[in-house]
Amino acid sequence: MPFSLLDLSPVPEGSDASDAIRNTLDLARHAEGWGYHRFWLAEHHNMPGIASAATAVLIALVAQATSRMRVGAGGIMLPNHAPLTVAEAFGTLATAFPDRIDLGLGRAPGGDGAVIRALRRDPMADSFPQDVVELLSYLGPAQPNAPVRALPGEGTSVPVWILGSSLFGAQLAAHLGLPYAFASHFAPGDLDEALAVYRDRFRPSPWLEAPRAMIAINVFAAETTAEAVFLRSTMQLAFARLRSGMPGKLPRPTRDLDAEIPPAMRRAVDQALRISAVGDRGEVREQLQALIGTYRPDEVILTGQIHDHAARLKSFEMAAEIMSSLD
């Protein structure tokens with residue numbers, strides 16, 4: 001089974017965005033050597049702990065720093081952009097890096113109300129399905145007589161994925177015959193039903209003959225269980241602070257999480273992050289096997305917010321070794 005990596009280009013406490021970008025490029029180089037199939041980056045805005053806001057720019061840097069691995073967006077928040085602009089950006093990437101660029105599309109704003117206003121968005125507008133269809137037309141076969149063309153872009157056939165954490169994305173991906181990636185790493189509530197809807201309602205298309213579903217799994221792997229639990233506390237803290245309206249740089253891990261997060265919030269965070277594999281090699285292997293056996297994805301994309309870059313590298317290296325050995 002292909003396994004991929006989702007990186008938010010995290011900005012840990014004690015560092016800055018330049019460190020984050022440098023670490024992302026370092027991780028990408030290692031990930032290619034470890035056998036990761038795709039390396040995806042996500043669009044977020046106004047987030048002190050995430051350096052991937054200009055997602056297409058960072059994708060270009062990662063593609064330049066690697067040579068074989070697919071690189072793409074997981075995803076671009078399409079309501080923030082004109083479809084033509086996205087087609088031109090990813091058409092340019094696909095022209096510079098042939099057969100290596102992916103385009104995952106999300107419906108969320110990637111930020112709060114202030115971000116929506118700053119992006120000049122109409123908060124009442126909801127034309128996501130129509131925008132996806134328009135974007136696909138720009139990336140499809142050349143239409144010399146079309147009044148508007150994506151140049152570069154047309155004829156590149158950049159693979160387009162629909163991203164989602166609800167039934168809406170599953171229904172749209174099935175209707176359009178596109179691959180579907182579920183954001184189970186932070187919003188697993190509708191995972192079972194969304195996968196069932198997508199598979200049951202999928203209609204073959206020029207882009208895809210049969211359904212192709214990918215799920216996201218958090219991975220925190222270390223030599224000992226205690227160390228893996230310690231590493232995971234960073235993501236739990238970050239998620240709790242985000243939900244409390246206090247986003248910041250990626251927190252340092254703690255060995256006393258209960259002292260940092262109130263019980264009710266802790267339960268909510270752990271439920272949101274329950275699609276995870278945490279522990280030593282044996283434990284992570286067992287948990288990954290169980291998740292794959294339960295949800296039967298065609299691919300998995302691994303992620304995990306870890307404060308220390310060396311520990312993050314080690315976790316993803318161990319995860320790649322485990323995924324490569326699964327039956």
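Here is a short tour of this predicted model, from the whole chain down to single residues.

Local features are described only where pLDDT is at least 70, side-chain atom pairs count only at pLDDT 80 or more, and totals for chains, interfaces and linings use all residues. Residues are numbered from 1 along each chain as its sequence is written, and side-chain values use heavy atoms, with hydrogens and water left out.

**The whole chain**

Of the 327 residues, 52% count as buried. Buried means under 20% relative accessible area, exposed means over 50%, and partly exposed is in between, using a 1.4 Å probe and protein chains only. Looking at contacts (heavy atoms within 4.5 Å) with a separation of 6 or more, 72% are between residues 24 or more positions apart.

Start with N23, which sits in helix α1 (residues 17-34). N23 counts as buried because its relative accessibility is 18%. Setting aside neighbours within four places in sequence, N23 touches H309 and R312.

Now for helix α5, residues 128-139. Its 12 residues reach 17 Å from first C-alpha to last, close to the 16 Å expected at 1.5 Å a residue; the expected span is 1.5 Å times one less than the number of residues. Which residues of α5 are buried? They are F128, D131, V132, L135, L136, Y138 and L139. They cover an arc of only 160° around the axis, which puts them on the same side of α5. (The arc is that of the directions from the helix axis to the C-beta atoms.) What covers these buried residues includes α3 (83-96), β4 (101-106), β5 (160-164) and α6 (167-176).

**Rings and charges**

The whole structure has 7 aromatic pairs. Rings of Phe, Tyr and Trp (its six-membered ring) pair if their centres lie within 6.5 Å; planes under 30 degrees apart are stacked, over 60 edge-to-face, and the rest tilted. Y180 and F182 make an edge-to-face pair, 6.3 Å centre to centre with 75° between the planes. Y180 also pairs with Y198, this time tilted, at 5.3 Å and 40°. Y180 and Y198 are both buried. Together, Y180, F182, Y198 and F202 form one aromatic cluster.

There are charges over rings, too (NZ of Lys or CZ of Arg within 6 Å of the ring centre and within 35 degrees of the ring normal):

| Charge | Ring | Distance to ring centre |
|---|---|---|
| R107 | F168 | 3.7 Å |
| R255 | F230 | 3.8 Å |

The peptide bond from G74 to G75 is cis, with omega near 10°, and G75 is in strand β3 (residues 70-77). Another cis bond runs from L151 to P152, with omega near 0°; P152 is in the loop between α5 and β5.

Methods. Helices (H or I, at least four residues) and strands (E, at least two) are DSSP runs, numbered from the N terminus.
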